[in-house]
Amino acid sequence: MKIGIRRETQYPSERRSPLTPDHVKKLTEENCEIYVEPAEQRIFTSNDYLNSGAKISNDLSNCDIIFGVKEVPVQDLISDKTYVFFSHTIKAQTYNMAMLKAILEKNITLIDYELVKNEKGFRQIFFGNYAGYAGMINSLWLLGQRFLLEGIETPLSKIKQALNYENLKSAEEAIKSIGKEISEIGLPQEITPLITGFSGYGNVSKGAQNVFNLLPVVEIKPNELENFIKNKEFSNKVVYKVEFREKDMYKHISQNEFNFEHFVKNPNEYESIFSKYIPNLTLLINGIYWENKFPKHVTKKFMKELYKSEKNHKLKVIGDISCDIEGSIEITVKNTDSKNPTFVYEPLTNNVIDGIEGNGPVVLAVDKLPAELPIESSQFFGNSLLPFVKNIANTDYSKCYNELEISKEIKNAIIAHKGKLTPQFEYLYKYLS
C-alpha cells in the first residue's frame, strides 16, 4: 500500500505532522512506500523526509491511505481514498458537516484519530499532553502580561508565548527560573495568594500541571479552599493549585452524595457548583471533556452577577484548553488562533474585546495549542500512531464494513466507509441534509 502524508491546508499555520521523518524512516525500512506533500510551514522539511526514504510529491492521488492532522477542505478531498485525520464531526459540528457530506459523496473511508480507543475507552492516538503544556505556558504568559497592564510587576512577565520558545525544554527552563525567583523574592502582596484551579485530571490537565509544577507549588484540596482563604495564612513565595474532579464540580439536585456512574448516565439530574470557587481563583485552566448534556461551570449569568456585586475581581485569566464554544466555560464565545490568542469577555455588557485589556477575564481559546510545540507534539503523536499504521495500510477497504479485517480499535474509529456512515455514526445523517 502507498501511504501519503498531506500538507495541512485547512489551517495554513499548522506546523505539525502526523508522522515525523524518524517514523517515516522506520516505515520505509519495513518496505512501506511513503509520499509526502511539500509544505513550507511544516516544522519538518521536505529534505528531512527525503533523507528518511520518503518521496516528495504534490499529488497524492496514487496513494491508498492519506494521513493528515486536521480537517481536509472539501476541494482537497480525493475520491475513493482512505483518510485518517481529526474530523471533528461526531458531535455534528455544523462547520464540518459539508466536509462529511463530501466524504460520503466521494466514496471516501474516514478514520478519526479521536475515536481510536482501547477496551477501557482510553484514547490511543492524541496530542493531549501537549495541548496542556502549551496552554499552561501561554496562560502564565498572559497572567504576567495582565498583571503588568494593571501596573503590577511580577516575574511572570518574563514568560513568553509557547511558540516563541525554541522547544519545550527551553520553555521549561525559563519557567523553572521564574519559579526560583518567586521562591527567593516572592510575589507582590496584592496578588497573594496566587491560586490556579485545574478543572479535569486527564492528559490535558496532567500536561498543564507538569508545567505549573515547575514553580514552587503548594496544593490545596477543593474542600479546603474556603478555610484556606478565611485563615489568611498565605505565602507570597509559593503559588497554590487546586485540582477539581467531577465530585467537586457537580452535585445532585436532590441528593447529597455524588455518584460518578450515575452522573455520567443522568447528567440532567445534576447541577454545577463550580461557581463557589471562582471568586478565589487567579487563574483557571480548563481541561475537561464536555458535551451539551453536562451542566456549565462558568456561566454568563454568574459572571454578570459577580461583576455587579464586586468591584475587584481576582480571576484574571481563563486558559480554556478544552475550548468548547459556549460550553463548560460559557464565556468562551469563540475560537482564537496563535497570532491573536485571546479576548476579554466583559460580563456586564457581553462585549468581547480582542487582547488582554477590558473589564473582565482574559480568555485563551486557541483550539490548536499543540501546534505551538510542533516538534515535540508531532514526535509524541507519531509514536502513538506508528503501531497502527501498517494495520491501517494493509487493510482491503474494497470489502464491506462488516468484513473489514482490521483491529477493533481502528474499526470503531471508522466514521464513513465506501460512501456510507458506519452503523454507530448513522445518527449524523440527519445533520447532512
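Helix α6 (residues 203–212) is mostly covered, with seven of its 10 residues buried. Buried means under 20% relative accessible area, exposed over 50%, and partly exposed in between, with a 1.4 Å probe and protein chains only. The buried residues of α6 are Val204, Ser205, Gly207, Ala208, Gln209, Val211 and Phe212.

This is a predicted model: local features need pLDDT of at least 70, side-chain atom pairs count only at pLDDT 80 or more, and totals for chains, interfaces and linings use all residues. Residues are numbered from 1 along each chain as its sequence is written, and side-chain values use heavy atoms, leaving out hydrogens and water.

**Overall build**

- The chain has 12 helices and 18 strands. Helices (H or I, at least four residues) and strands (E, at least two) are DSSP runs, numbered from the N terminus.
- The radius of gyration is 23 Å, close to the 22 Å that the globule rule gives for 433 residues, so the chain is as compact as a globular protein of that length. The radius is taken over C-alpha atoms, and the rule is 2.2 Å times the number of residues to the power 0.38.
- Along the principal axes, the C-alpha atoms fill a box of roughly 65 × 50 × 35 Å.
- Buried residues make up 54% of the 433 residues.
- Among contacts (heavy atoms within 4.5 Å) between residues at least 6 apart in sequence, 66% join residues at least 24 apart.

**Surface and charge**

- The accessible surface of the chain comes to about 19,700 Å², and 45% of that belongs to carbon and sulfur atoms. Areas come from the Shrake-Rupley method with a 1.4 Å probe; for residues, only the protein chains shown count as cover.
- There are 53 positive and 56 negative side chains. Lys and Arg count as positive, Asp and Glu as negative; His and the chain ends are not counted.
- The centres of the two charge sets lie 1 Å apart. Each charge is placed at NZ of Lys, CZ of Arg, CG of Asp or CD of Glu.

**The eight-stranded sheet**

- An open sheet of eight strands runs in the order β3-β2-β1-β4-β5-β6-β17-β18, with mixed pairing. Two strands pair if DSSP finds at least two bridges between them.
- Its edge strands are β3 (55–56) and β18 (420–421), each pairing on one side only.
- Strands β6 (residues 109–111) and β17 (residues 414–417) run antiparallel, joined by two bridges. Ile111 has Ile414 of β17 as its bridge partner.

**Strand β12 and its neighbours**

- From β12 (residues 283–286), Leu283 and Ile285 point one way, while Leu284 and Asn286 point the other; all are buried.
- Strand β7 (residues 195–199) runs parallel to β12, with four bridges between them. Gly197 has Leu284 of β12 as its bridge partner.
- Strand β13 (residues 317–320) also runs parallel to β12, again with four bridges. Leu283 is partnered by Val317 of β13.

- Five of the five residues of β14 (residues 342–346) are buried, so the strand is largely enclosed by the rest of the structure.
- Thr342, Val344 and Glu346 lie on one side, Phe343 and Tyr345 on the other.
- Three bridges pair β14 with β16 (residues 362–364) in the antiparallel sense. Thr342 has Leu364 of β16 as its bridge partner.
- Four bridges join β14 to β15 (residues 351–354), also antiparallel. Here Phe343 stands opposite Asp354.
- β14 and β15 form a hairpin with four residues between them. In the turn, Asn350 has a positive phi of about 65°.
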